Every structure is written in structure tokens, then in C-alpha cells.
Amino acid sequence: MWIWAPPQQPGPSDTTIRTPSDFSRALLAALGLPNTGPNVQALDAWQQAEGGFVHVNPLNTTQAAPGSTTWNSVGVKTYPDWKTAIRATAQTLKNGQYRGVIAALKKGNDVQGVARAVAASPWGTGDFSGFIGQKYAPTTNGADVPAIDAMVTKAQAAGLTYVVVLLGSSNGAFNQQGFLDAFLPMAHAANIRVYGADLPSLTNPQADIARAVSEVTYTTPDQDRIDGLVADLETPPGSNVDPAAAQAYGTGLRTAVGSDLPLVAAVPAPPAVAGYPYAQVVAPFDAVAVMDPSAGAGHEDLAAAMGALAPLGKPLVAVDQSPTPTPPAAPPAPDPARDQVLGFINAADAAKASSVSFWSWETAGQSVFDALQGAPQFSLSAAPAPMSASQVRSWQALLTGLGFPAPASGQWDAPTTAAVKAYQTAATTPATGVIDDATRTNMLTPFPPPIPADLLASSLAVPGGVGGAGLPLPRKYLTSGSVDQGVDYPAPGGTPLYAMGSGTIIQEGIGGFGPNAPVLQITSGPLAGKTVYYGHAGPDLVPVGAQVVQGQQISSVGSGIVGISTGPHLEIGFWPLSRDGAGKAMLDYINVVMHSTNG
């Protein structure tokens, strides 16, 4: 197994723009305005509010340019390279409608002044002052297909059967849909399973669960989904995990995704964190990823950590968190990158791991992949080839992940034979209890992960993972809307409320609509540039300032009387509030979406 983080991809054909600040400085230069810290800070915050960096148009302009394509229904463009994006954005700012923004930037020392000027302009961003000072490090969704193809080819040649891709965290929304669109079909075609990784903080377990469900149910245009989820449940230095929150997250996640989807808990290695509630944390998970606590290259503490976790009865995956060094251009003998990989594989084998993982692909040279290809431990061979204890444990872990539990004994014992026979029977192949070539091929071929039909149907109906436009409620409640300032839809208390597009929660609580009513500023999709309110909502799942992804549950219909109301319902409309009858625009939009996604 191999852990990969999504690549930080520069814009096509231009490697000079790697961060939002790079774009800010380049834009200031193109405008002939002061390249000062306050100006860069202001433009970075504006970019975060707009969210267009992911498609090479950080401020979401509609300016046509050679090679540009239309990103959404309001005409926002995707540009072919950063040079074009800078030129088009500068051209827009200089078209005479944004003199106030230019004047504020000319001062060079007034971040809030720039924010006020943008809010007062016709750009449509609104007030982005809440983003000032926040760290903004997006990853472009535009996928470098040749690079992804090369990664998959290397992984396949090295005999890797799993990769893990970092998808989201409590501090950053699930935003790797574009990467998955390109990566999942290629990986699956190469018989490589892809697990998503998420970093929940557990300060709001329900919000963490909602984000994980969005990741699990995300479906690419080729109808691929991730094959499992790794929850990174380590703790920041000086902190500890709340056992109740950990248990609520794990059991809630398991309930949400069903009993069959593989879930892995990544935990700190004991005794690094005193009092860590291992039993409560890992109980709902199928396997445990153990972070190597060793300070030295000899991995001297790994065996003790693995031994302490063995009584949990879960397959253990040893994870080397040390960044894999990049070998020199002409590697000497010995090659430090190769030696690090082989040394950790040997240590994990001795500690009776079921699998092994590394961080990360970005620093891995060819010698690393060659080392993985040549290492026999944890490879999945077929009979009649002899198998080591680590190879047997790898098969036992795979059987367990496929829903045919086999204790990770490292011996080809009666429970393992029975699990193989059960798998072969389910696969309608001869139940020999032996992993022959045909059985091996079947077991290593990815298949659609088992997700409860109602959960998948809900995610597709909303939709959160299939692109296009999002709906605020499950579609069965969107058939009898009545118009006032927004659109009223009766629905039972507790019915999920979904983000109609990816963006940022900018407010919670509206007079007359209840103390929790969320206001969502949408930055991508057909409603990019619009702000939507959800009246009469119940408890919110995400805080003000949080970035959310289209289709993510952000709240629920309030139970009883919430605000000025006669009973449980949602009023959905465009913000700020307007006169009665203004909700017709939202009603028309939802009806169009319902019609276009029906069937």
C-alpha cells in the first residue's frame, strides 16, 4: 500500500503561478499597482471568497479570452493558462466599472479598504473581509492527465494494490473532485484500489461524518468511486482525543456508510499519546494504520507499538511517515531512498504487519518504485508459489476488507481457507480454498464499493458527487413549493439540508428564520457568485467561515416552530432578503434542476 497526497498542480503550461499569492503579485504587476503585503493579503482573501483558483480563474471573471471555456451557467471562464488568466482579470478590472477597487489598491496599505471597495462594486463577491488573514492553499482541480497516467503506470509496475489519496479535513472542505475524476478511472483500470483519506478534528463529529459521506459517495463521470476511507485520528501535539467524540464519529460513520465499506483508522503509535482511547476509536473500523513512532532510521520502536495494538484484533498497516527522500540524479550505492523503503518493509514484516505504507509519492524517485517491486514481503502471489507469513497476512487483510473475515494470523489456517471458499462461492468460482490465478485476479479487481442504496440514491439525487447543480433537500420534498421572499418546502424536522454549490458559510441566524439559519456564499457551479439562505433550519453542522462542497449536508430542517413559522419546513432563497415574490427565481431554478436531473 502507498499513501499519495493529491498533486499541487500549477496551471497548464505555466509553472510560475503555484499559490494564490503568486497570482496576486502577478495581477498587481499587470495592473501597475503597488506590490505590497496588504495588497497581496487583500487579493488572497478575495480569491478565497471566489474559489476560482481551482479552474485557473481565481476571481471568477467572465471575460472571454483565446482558449477559454465556460465554467458555469453565469459565464465564468476557465482559462487555458495563467498568463491568459492574469491578462483577462486585469482587463476586467480596468473596464471602468471597478475604479473604486483600483483606487483602494493604489493606496497599497488598506486591506479592509479593498474589501469594502469590492463589496460596493458590481463584481458580485460581496463582503470577503471574513477571509482576511486566513490561510488559503487550494489545489487546482484541473488534472494533469499525463502525470496521473505516469503515476498509475509506476504504481502498477511496482505491484501496488492500494493507494490512499488525501481528500479533505475539518479545516478544509472536500475539494479533490477534479483529481478523482482523472485518477480513479485510470487506477481502477490498472486494478489498483483507491482509498480516500480524511482528517477529522472531532470538534464537530456530525460535520466530519457529513464530509466523509460526501467523499465516499462522490461519483466520477465514469461512475467510479473510492474503494474505502482512511480516517486520520491522530492528535495534534499537546492535545488529546475526546473518547465520546471519537466513538460518536466512528459509530456514526459506520452507520452512515453501512457495514461493508472498508474503513481504516489511522492512529498514533502507543505509547506516544498517553490516555489515547484506542479501543473506542478503532472499534467501528476494519483495520488500523499505525504511524511509526521511531526517531531513528532503524524503526526500533515500531515492533513495540504494533505489539501494543495487536490485542485490538484488527489488521495492522505500518505507516512510515518520514518523507521518502529524493535520490540524487546519479544515485550512489547505497541509495538512501531505496534503503529507507527496504528498511521499513523489513521492520514492518518483523512486527507482523498486514501491509505497509509510505509518505509520499511526490518525493519518490524511480528507485523507490523499483525497491517496492523487488520486495517480496506483502506481495500477493498465487498458489502454488510459497507464501511468507507477511504475504499470508496481506491476503487475510484483503479477505477481511472484501467482507470475508480472516484473522491476521500469518498462517494459512482453517479460518483463512474457509474465508477463501466463501469468497469463491460468492464469486461463482470453484470453492477450493486455494488462491489460484483466477481467484487472485478476481480479488484484485476493484468493484463498485458496497454503499447503502438509500445513501447513494440520496447523494445522487442531491447531487453532491456527480457534478451539475445541487438541490437543497432530497428531491421528494421539492414538489410543492410556495413563493414568498424565498420558496417554502414542507419537510419533516431533521430532514437533511444540502449545500446547493461549493462555497463558504458566511452567517448563521436570521431574524424571523431562526437562530441557526445558514447563509451560504457559493463560489462554483451554476450558482457561482450567488448567496443562498436556508430559513427555519435546525442545528448547523458546519461553523461560520467553513468551506463546504456541493451536496454536503450543512444543517437539517428545524423541528417544531423555528422562527416565524407554522411548522417544520425549509424556506430557501437568494440572499440578501428581498420583497415577497422574489422567491420565484429560486423556484424556477429548482424546477429546472429537478427536470434536468430527473431519471
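1. What share of the contacts in the chain with a separation of 6 or more comes from residues 24 or more positions apart? In this predicted model, such residues account for 66% of those contacts.

2. The chain has 599 residues, of which 55% are buried. Its secondary structure consists of 18 helices and 19 strands. The accessible surface amounts to about 23700 Å², and carbon and sulfur atoms contribute 57% of that area.

3. Strand β15 spans residues 514-522. Seven of its nine residues are buried, and therefore β15 is largely enclosed by the rest of the structure.

4. On one side of the pairing scheme, β15 is joined to β14 (residues 503-510) by six bridges in the antiparallel sense. Within this pair, Q521 of β15 stands opposite T504. The hairpin formed by β14 and β15 has three residues between the strands, and G512 adopts a positive phi near 90° there.

5. Strand β15 also pairs with β16, again in an antiparallel arrangement, through three bridges. L520 has V532 in β16 as its bridge partner.

6. The loop between β15 and β16 (531-535) contains G529. Is this glycine, G529, buried or partly exposed? Its relative accessibility is 37%; because buried means under 20% and exposed over 50%, G529 counts as partly exposed.

7. Leaving aside residues up to four places away in sequence, G529 touches G124 and I522.

Notes
Residues are numbered from 1 along each chain as its sequence is written. This is a predicted model: local features need pLDDT of at least 70, side-chain atom pairs count only at pLDDT 80 or more; totals for chains, interfaces and linings use all residues. Side-chain values use heavy atoms; hydrogens and water are left out. Helices (H or I, at least four residues) and strands (E, at least two) are DSSP runs, numbered from the N terminus. Buried means under 20% relative accessible area, exposed over 50%, partly exposed in between (1.4 Å probe, protein chains only). Contact means heavy atoms within 4.5 Å. Accessible areas come from the Shrake-Rupley method with a 1.4 Å probe; for residues, only the protein chains shown count as cover. Two strands pair if DSSP finds at least two bridges between them.
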